Each structure stands twice: as C-alpha cells, then as structure tokens.
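Keep the structure open and follow along.

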Amino acid sequence: MRAAKRSLRENPMATRRVVITGVGLISCLGNDPDTFFDNLVEGKSGLRPYPDLGRHPVGRAQFAPEEHFTRTDLLGLDRVSQFAIVASREAAANADLTAVDKERLGVFYGTGTSGAATLEASYGNFFGVRPERYLCIPMAMNHAPASQVAISLGAMGECQTYSTACSSSAVAIGEGYRRIKDGYIDVAVAGGAECMLVPSVMNEWEKLRVLAPAQGDPSSGCRPFDASRHGFHLAESAATVILESIEHATARGAPILGEIAGYGLSNDASHITKPSPAGQRLAIKRAMADAGISPGDLAYVNLHGTATGAGDLAEAQSVEEVFGEMARRVPMSATKSSHGHAIGATGALEFIATLWALRRAIAPPTAFTEQVAPGISLNLICRQAERLRNSGYGASNSFAFGGANAVLVLRKT
C-alpha cells in the first residue's frame, strides 16, 4: 500500500518555538544590520534634503542596482522589488537556506504602496511626458516584491503579501511566525520593502501635513515625543528576517540570533488616520499574553514614534495604560528619528533594531528629541544610547493608518 502523503500541516496540534536565523536589510543608515545598528547607537541620521523630491528631507539608501542585477533583470523590476530581493538574499545567505526543503519554505512580505516609481513613470508615459517601455502591471502590483523574492529563493511553500500601511512588514513577520508555530511550514522569509521616494508621492504626503520640515540641521527634523515635534521624514528601505522552528534550525546547525516570543494584532475600527489608544492597547496586551510575560519582563521597547502630535500621544497613552508604573522604568526609544519612516518596511526594520538591541544589550536613542512633551510619562532614551541592565525580552510596536496595529515580542537566546 502506498504511504499516505505528508499533510501540509505536519501536526494539527503543534505549537513550535520560532527563532530567527538570518537578517538582511537596505536602509539610509547602512545596508547590513551591524552598520545600521552602529549608526543608530551613535545617534546618526540618514535623512537628507533632495531638491527634486520637494522641501522635506528623506531617507534615501545608497544602492547600485547594476551591482545585483543584469540589464535584462532591471527591465522587469521596480526599485521596491530590487530592494526586497537583495535584502532577502542577504538574509537567506546568512541563514544558509541552500539545502532546506523548498516546499516547506514560505515568503511573507509587506508593503504599503509598492511599485511607486513604475506607477509614476507609467502615468508620465500615458500623458506623453516621459515615454518609456516596460510592463507596468507585473512591476507595480503590490504582490511583486513577495513574488520576486519567492522566485529568487525558490520558495514553493506559499507566498503572501500584507498591505496594512505602516504595520505591513510587522504583520508579515507575525504571520510567518504563526505559520511555523502551527506547523504548516518549517522556514519563512519575512519582512517588507518600500520605495516611494518619487515626486508625485512626496507631493501627496505633503498634503497630509505629517512630514517634518528641516529644523536647523536638516537631518534632525524628526523628533518623536518632543514638545516641538512636527512629523516624520519618509524613507526607503527593505528588511528581511529568516524564521524557523527551533527544531528545524537546530537540526541543520543554523545560527540562532533570537526568538519571536509573542505577536499581537488589533484594529482600531475608529478613524482612517487618527490612532486609537484603545486599539493599540489591545495589540500590546495580546502580544504580552502570547509571550506569557508582563511589562516588567521587557528590557527594551522600540516605539512606533512617528513624531506626529496625535500619534505620539496615542501611543504614549496606550503604553502607559498597559505598563502602569513600568512605563517609567522600561527603556524605550523611537528610532525613526534616525532612519526615517519607511511605511510598509518600517515594522521589519525596527524589529531588527530591537533584535540587535537585545543582542548587544544596548538601547539606541531617540536621536534628536530634547524635551519630552508634557503629558508623556515614558522612560524615553534621548540623545545618547544606554546600556541595558538585562536583555531578555524586547518589543516592537507598529501602528498604522486605518488602525491596523501589530506588536512583536522578541527573546534573546
């Protein structure tokens, strides 16, 4: 009798520990996790003014496509897919995925807009302003980055795209974690990419009045939780992590960089742009419950911290209500002051910052915040990095337009 084919879900009752075995990124602060984190710790900024993109500084990464792709490749890849592929290849190389079962390898990727450069060029082509020849749909669709990553790495398990605005890549990591935890796959390539630094998109963000102007030094305009905060700077980025069940990683001798201990989701269901402390509070509580910890167990929290008036107050209120007295004890910082807001990629970028903070036992600063706004009672690390007294658990908050909230809890291994 022929043996029954193994179920796609290996064990319906399985709940497996999920670890991180590889990391890759592209950002305005560097294109590898160590350089990125070193610059965060030093309080440096990757934000600069670019006159062709308007009056607001942005975080543009140093990236040469021709170093990674052929001319033929580039005819079918928007910049966002290029970023996604390169960051994911780096993460996969660090984890050495060459011998893993590709049928149990999945891709979970987030993006807010995707294909912005291709869309802008296509409209220019349509109106005869910028004639170009390319296939817009497969290049600009939201699923393009995830699909291109899956093709590049041969991932056949599944390929999913998450588009929940600023929490997109945090959700992607969380959903990859759940798939492995529940036994559907063994390995996940998870993260996100965003490359929307084009004039038309910048113009629309300026209309929302959430972008920070240059204040003195043009690189220091984003000041989360500061009394003088005026918003954030947009940035481009890609950030990818490799997730595996701990059994799978141990069996193949993969490097274990850390562990995902908890994941919490919620939805505000209140307003498309105004955040709700009640919704954020629910996501934080769910992440803590999933990890089986209390706020006092956390060594560090990477706050969403957009430096907008309503956003920072809502997050501070939600954290204070869940943490109680520990809100004034647990070290916290908002790193968008240095690397900018990469929208759909930000959650994954800040997840890596949190992971490295635990690994190095040092919390990066909220670089340019000088005077915390009245009414905010958080243990906010400003100006200079601080050593962590313990580095067991960390959390990363990601809150988005539309009210899509995601919180990830990590554990140092």
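Predicted model: local features only at pLDDT ≥ 70, side-chain atom pairs only at ≥ 80, totals over all residues.

Residues are numbered from 1 along each chain as its sequence is written, and side-chain values use heavy atoms, with hydrogens and water left out.

**Helix 4**

Tyr123 sits in helix 4 (residues 116-126). Helices (H or I, at least four residues) and strands (E, at least two) are DSSP runs, numbered from the N terminus. Tyr123 counts as exposed because its relative accessible area is 51%; the cut-offs are under 20% for buried, over 50% for exposed, and partly exposed in between (1.4 Å probe, protein chains only). Other parts of the helix are covered: Ala116, Thr118, Glu120, Ala121, Ser122 and Gly124 are buried. The buried residues of helix 4 pack against helix 5 (136-140) and helix 8 (199-208), with contact meaning heavy atoms within 4.5 Å. After helix 4 comes Gly128, with a positive phi near 75°.

**Cores and sheet**

What does the largest nonpolar core look like? It has 44 residues, and those with the most contacts inside it are Ile20, Val23, Ile173, Val241, Leu243 and Phe351. Helix 13 (residues 346-360) gives the most to this core, with nine residues. A second, separate core of 30 residues includes Leu105, Ala150, Leu153 and Ala155. A nonpolar core is a set of buried Ala, Val, Leu, Ile, Met, Phe, Trp, Tyr and Cys residues joined through side-chain atoms within 4.5 Å.

The open sheet has 10 strands in the order 3-2-4-5-1-6-12-11-7-8, with mixed pairing. At its edges are strand 3 (158-162) and strand 8 (332-333), each pairing on one side only. Strand 1 (residues 18-26) runs antiparallel to strand 6 (residues 258-267), over three bridges; two strands pair if DSSP finds at least two bridges between them. Val18 has Ile260 in strand 6 as its bridge partner.

Ile343, in the loop between helix 12 (336-339) and helix 13, is buried because its relative accessible area is 3%. Ile343 touches Ala165, Cys166, Glu194, Met196, Trp205 and Leu234, leaving aside residues up to four places away in sequence.

**Salt bridges**

The count comes to 20 salt bridges, each a side-chain nitrogen of Lys or Arg within 4 Å of a carboxyl oxygen of Asp or Glu. Here are some of them.

| Pair | N to O distance |
|---|---|
| Arg360 and Asp34 | 3.2 Å |
| Arg60 and Asp52 | 3.8 Å |
| Arg104 and Asp186 | 2.8 Å |

Arg360 in helix 13 and Asp34 in helix 1 (residues 33-41) are 326 residues apart. Arg360 is partly exposed at 31% relative accessibility, and Asp34 is partly exposed at 38%. By contrast, Arg104 is buried at 5% and Asp186 is buried at 9%. Shared partners join Arg16, Arg104 and Asp186 into one salt-bridge network.
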